[in-house]
Amino acid sequence: MIQRLHDWLASTADKELRQRFKSGPGESAWNFWCELLQRRAQSLELAEYADRLGRETEPAPEIVSLQKACALLLDFRNTTPAVWCDSLESLIAAMNSTASVEVEFAPLPSQRFGELGLLLGLAFPELKPMKPILEQARRILADGLEHLLDGAGLPKSENLLLLRPLLACWTRCLFLGKNAESYPWKLKSQQQYEWAILQSLRLTRPDGSALFAPIALQDASAESEAPKTKKGSKTDAFRKTLEEALMFDSDEK
């Protein structure tokens, strides 16, 4: 029933897990795997990560894939082993297809696919396909921080309005990396990330809306001298992202 999972685990360094599946991919092996998934979801604080992901309101394919990846660890009790393996296999295929997604031409999708690879690699390190996927993800994210920003955290003018969703994506990646004790990029990329936080603050109006954003994309009140941030609004989501991002910033100022 779960022969694919058995094959993916054949070379795992986890001796106990390997022994469980050695006698055959039966119900006992699946239950043991589910217990591991539960512990992994807790260590990655995946429920909180899913809440952060829920702030993304657009139905982009990469967001849907990230939500499916979360479900593999949070909703595995509500599915069958075969369906679980099918879902994971489709996510692996999605990551393999990102080879044609270039950072310069698809900035936000490329970085979210990098986030997907990071999530899969950190969530399922025992599975054979995940090592190259994790390496690919780190490369995609590092390329994004290097090529989408100008060296001081500022994107090109055509990508200016992508800075907030990019910052949200990169902050979620750091959240996963911190919990897995395996950070998604090196110091050079981290410096770019911290500059991006500062530039995001500089490009924010007093009412919380984004500088240069068209009126249709703003949802903060501009009528009040002391505008209130509506709960669940884009401005409220950005405020939360900034608070979380500043926790990963080494500059006390």
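This is a predicted model: local features need pLDDT of at least 70, side-chain atom pairs count only at pLDDT 80 or more; totals for chains, interfaces and linings use all residues.
User: Let's start with H8 and H10. At what angle do they pack, and how far apart are their axes?

Analyst: Helix H8 covers residues 130–147 and helix H10 covers residues 187–202. They pack at an angle of about 50°, and their axes are 9 Å apart.

User: What do you call that arrangement of H8 and H10?

Analyst: Oblique: angles under 35 degrees would count as roughly parallel and 65 to 115 as roughly perpendicular, so H8 and H10 are oblique to each other.

User: Is the crossing of H8 and H10 left-handed or right-handed?

Analyst: The crossing of H8 and H10 is left-handed.

User: Which residues in H8 and H10 meet?

Analyst: From H8 you have Ala142, Leu145 and Glu146. They meet Lys188, Ser189, Gln192 and Tyr193 in H10. By class, that contact of H8 with H10 splits into three nonpolar, two polar and two charged residues.

User: What is glutamine 192 in contact with, leaving aside neighbours within four places in sequence?

Analyst: Glutamine 192 is in contact with Leu145, Leu149, Gly151, Ala152 and Gly153.

User: Which other residues are buried in H10?

Analyst: Besides Gln192, the buried residues of H10 are Ser189, Gln190, Tyr193, Glu194, Ala196, Ile197, Gln199 and Ser200.

User: And what do the buried residues of H10 pack against?

Analyst: They pack against H8, helix H9 (163–180) and helix H11 (234–246).

User: How does the span of H10 compare with what 1.5 Å a residue should give?

Analyst: It agrees: the 16 residues of H10 should span 22 Å, and the end C-alpha atoms are 23 Å apart.

User: New topic, H5 and H7. How do their axes cross?

Analyst: Helix H5 (residues 61–74) and helix H7 (residues 107–123) have axes that come within 9 Å and cross at roughly 10°. That makes H5 roughly parallel to H7.

User: What classes of residue make up the contact of H5 with H7?

Analyst: Eleven are nonpolar, one is polar and three are charged. On the H5 side, the residues include Ile63, Leu66, Ala69 and Leu73. On the H7 side, they include Phe113, Leu116, Leu119 and Leu120.

User: Now H3. How far apart are its end C-alpha atoms?

Analyst: Helix H3 (residues 27–43) has its end C-alpha atoms 25 Å apart. Its 17 residues should span 24 Å at 1.5 Å a residue, which agrees.

User: Which residues of H3 are buried?

Analyst: Ala29, Trp30, Phe32, Trp33, Cys34, Leu36, Leu37, Arg40 and Ala41.

User: What about the backbone just after H3?

Analyst: Glutamate 45 comes there, with a positive phi of about 50°, although this residue is not a glycine. Its place is in the loop between H3 and helix H4 (46–53).

User: Where does glutamate 181 lie, and what is its phi?

Analyst: Glutamate 181 lies in the loop between H9 and H10. Its phi is positive too, at about 55°, although it is not a glycine.

User: How do glutamate 45 and glutamate 181 count for accessibility?

Analyst: Glutamate 45 counts as partly exposed, at 32% relative accessibility. Glutamate 181 counts as exposed, at 73%.

Conventions
Residues are numbered from 1 along each chain as its sequence is written. Side-chain values use heavy atoms; hydrogens and water are left out. Axes are lines fitted to C-alpha atoms, for helices over the stretch in contact, and angles run from 0 to 180 degrees between N-to-C directions. Helices (H or I, at least four residues) and strands (E, at least two) are DSSP runs, numbered from the N terminus. Angles under 35 degrees count as roughly parallel, over 145 as roughly antiparallel, 65 to 115 as roughly perpendicular and the rest as oblique. A crossing is left-handed if the near helix is turned anticlockwise from the far one by less than a right angle, and right-handed if clockwise. Contact means heavy atoms within 4.5 Å. Ala, Val, Leu, Ile, Met, Phe, Trp, Tyr, Cys and Pro count as nonpolar, Asp, Glu, Lys and Arg as charged, and the others, Gly among them, as polar. The expected span of a helix is 1.5 Å times one less than its number of residues. Buried means under 20% relative accessible area, exposed over 50%, partly exposed in between (1.4 Å probe, protein chains only).
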